[in-house]
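Please work through the following exercises with the structure in view. Each task is followed by a solution in steps.

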Amino acid sequence: MISVFDDTPIYHRLISERGDVPAQVRGEAERIKRDLDRVMNAPSSFAPGPPAQRSFFS
């Protein structure tokens with residue numbers, strides 16, 4: 001991915017000092033999205049409807 005900052009020396013210096021934070025954030029966001037997609041597409045054990053009635057002693 002080409003960034004508007006690719007031609008700026010300060011951007012390259014920051015990358016060398018701090019790492020490519022935008023790329024790390026992008027990678028983490030993609031991982032979270034994959035995990036969320038997996039969870040959202042998993043079969044649910046939730047049964048819709050009113051909550052089960054409980055007795056006083058349960």
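**Exercise 1.** Determine which residue just after α1 takes a positive phi, and state whether helix α1 is largely in the open or covered.

*Solution.* Step 1: The residue is G19, whose phi is about 90°. Helices here are DSSP runs of H or I with at least four residues, numbered from the N terminus. This is a predicted model, in which local features need pLDDT of at least 70, side-chain atom pairs count only at pLDDT 80 or more, and totals for chains, interfaces and linings use all residues. Residues are numbered from 1 along each chain as its sequence is written, and side-chain values use heavy atoms, with hydrogens and water left out.

Step 2: Helix α1 spans residues 9-18. Of its 10 residues, the number buried is 1, so helix α1 lies largely in the open. Here buried means under 20% relative accessible area, exposed means over 50%, and partly exposed lies in between (1.4 Å probe, protein chains only).

**Exercise 2.** Describe the protein chain as a whole: how many helices and strands does it have, and what percentage of its residues is buried?

*Solution.* Step 1: The protein chain has 2 helices and 0 strands.

Step 2: Of its 58 residues, 2% are buried.

Step 3: The protein chain exposes about 5900 Å², and carbon and sulfur atoms supply 62% of this area. The accessible area comes from the Shrake-Rupley method with a 1.4 Å probe.

**Exercise 3.** Find the salt bridges that D35 forms with R31 and with R38, and identify the network that they belong to.

*Solution.* Step 1: A salt bridge is a side-chain nitrogen of Lys or Arg within 4 Å of a carboxyl oxygen of Asp or Glu. The whole structure contains 5 salt bridges.

Step 2: D35 pairs with R31 at 2.8 Å, N to O. Both residues lie in helix α2 (residues 21-41), 4 residues apart, about one turn of the helix. D35 is partly exposed at 28% relative accessibility, and R31 is partly exposed at 33%.

Step 3: D35 also pairs with R38, with the closest N and O atoms 3.8 Å apart. These two are 3 residues apart in helix α2, and therefore about one helical turn separates them. R38 is exposed, at 55%. Salt bridges that share partners join E28, R31, D35 and R38 into one network.

**Exercise 4.** Which residue forms a salt bridge with D37?

*Solution.* Step 1: The partner is K33, with the closest N and O atoms 2.9 Å apart.

Step 2: D37 and K33 both lie in helix α2, 4 residues apart. D37 is partly exposed, at 35% relative accessibility.
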